[in-house]
Amino acid sequence: MLWDPGPPPPFSSLFESAPLASYQALPAKFRLEWGPVYYRGRLDGSAKVLIVGQDPSADENLARRAMVGTAGQRVQGFLRKLGLDRSYVIVNASLYSIYGQFDAEMAGFMDQAAVRAWRNQLLDQLKHPGLQAVIGFGKAAAKVLDDWPGAASFKAVQRLFQPQHPTARAPNALLKSWNQTLAALAPLLNPDPGVAPDPSPYELTGFRDQDLARIPALDLPFGMPAWLGRGDMATRVIKGQAKLKAPAANASILWTAQADQG
């Protein structure tokens, strides 16, 4: 049976030292109730691609892994087109889900010394000789990589990519940026064994079902139901959508299981 056994040392120690107090000091900016989400993928030095995403959403809060919902399944499809089904690691720009969009206030938070230092330490630890490329999806990820000194060596050899976030609202521009990244990146990577790359471009009208890929069980904690990582199963319940007495509406998530697939 395949599953993610959790972070090995020294990552476990690094995660335990995360500057959570800096996030917790801004309860109006972050959804703190569900805790931090640290990563998804390989922490054993076998990753060929390092991905920086934006921030965890409802599916991620429940699965405890980064990018497993709609955005993650689109990114998983992108990795499949690159010929990768396991040799990647994903971290987020923010450990907690943020209220609203990435803005100047959020950029200022990311500039805090403790937050930036820890984030750069994490990225430094993920950088290893076998890492072949770095991808930052979206504006928050671009900020993270712009602030990381370790990105310079990848940028110098044109192995640093910053396509649009997978849930950006203009599909034409989003997929155009993904096609440009795919065409430039695919020739640089060694595919995983048994995976055939497919660098054919996306249709610019929007994502199709076949463009998405389910999240592998290898990326998820032991005991997760078999349907997790396919579809969009979790939704935040906001005030007015349901009658809730406790906890507060903004701390509630509706999680829908797929029948007979547990």
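Tutor: Start with burial: a residue is buried under 20% relative accessible area, exposed over 50%, and partly exposed in between, using a 1.4 Å probe and protein chains only. This is a predicted model, in which local features need pLDDT of at least 70 and side-chain atom pairs pLDDT 80 or more, while totals for chains, interfaces and linings use all residues. Residues are numbered from 1 along each chain as its sequence is written, and side-chain values use heavy atoms, without hydrogens and water.

Student: Why is Leu 43 called buried?

Tutor: Its relative accessible area is 10%. The limit is 20%, so Leu 43 is buried. Leu 43 sits in the loop between S2 and S3. Helices (H or I, at least four residues) and strands (E, at least two) are DSSP runs, numbered from the N terminus.

Student: Which residues does Leu 43 touch?

Tutor: Contact means heavy atoms within 4.5 Å. Leaving out residues up to four places away in sequence, Leu 43 touches Pro 7, Pro 8, Phe 11, Phe 15, Val 89 and Leu 126. Leu 43 and Val 89 are 46 residues apart along the chain, with their C-alpha atoms separated by 6.8 Å.

Student: What makes Gln 158 exposed?

Tutor: Its relative accessibility is 65%. The limit is 50%, so Gln 158 counts as exposed. Gln 158 is in the loop between H8 and S7. Its phi is also positive, near 60 degrees, in a residue other than glycine.

Student: Why is strand S3 called largely enclosed?

Tutor: Five of the five residues of S3 (residues 49-53) are buried, so the rest of the structure largely encloses this strand. Val 49, Ile 51 and Gly 53 point one way, and Leu 50 and Val 52 the other way. In a regular strand the side chains alternate between the two faces of the sheet.

Student: How do you know that S3 pairs with S4 and S6?

Tutor: Two strands pair if DSSP finds at least two bridges between them. S3 has five bridges to strand S4 (residues 88-92) and four to strand S6 (residues 133-136). Both counts reach the required two, so both pairs qualify. S3 and S4 run parallel, and S3 and S6 also pair in the parallel sense. Val 49 has Tyr 88 as its bridge partner in S4, while Ile 51 stands opposite Ile 135 in S6.

Student: What is the order of the open sheet?

Tutor: Its five strands run S2-S4-S3-S6-S7, with mixed pairing. Strand S2 (39-41) and S7 stand at the edges with a single partner strand each, so one side of each has no neighbour in the sheet. S6 and S7 pair in the parallel sense over two bridges, with Val 134 facing its bridge partner Leu 160 in S7.

Student: What makes helix H7 mostly covered?

Tutor: H7 (residues 139-147) has nine residues, and seven are buried. Among them are Ala 140, Val 144 and Leu 145. The cover includes S3, helix H5 (104-110), helix H6 (113-126), S6, helix H8 (151-156) and strand S7 (160-161).

Student: Why is H6 called roughly perpendicular to H7?

Tutor: Axes are lines fitted to C-alpha atoms, for helices over the stretch in contact, and angles run from 0 to 180 degrees between N-to-C directions. H6 and H7 pack at about 80 degrees, with their axes 10 Å apart. That angle makes H6 roughly perpendicular to H7. The cut-offs are under 35 degrees for roughly parallel, over 145 for roughly antiparallel, 65 to 115 for roughly perpendicular, and oblique for the rest.

Student: Which residues of H6 and H7 meet?

Tutor: Arg 116, Arg 119, Asn 120 and Leu 123 in H6 meet Lys 143, Val 144 and Asp 147 in H7. By class, this contact has two nonpolar, one polar and four charged residues. Ala, Val, Leu, Ile, Met, Phe, Trp, Tyr, Cys and Pro count as nonpolar, Asp, Glu, Lys and Arg as charged, and the others, Gly among them, as polar.
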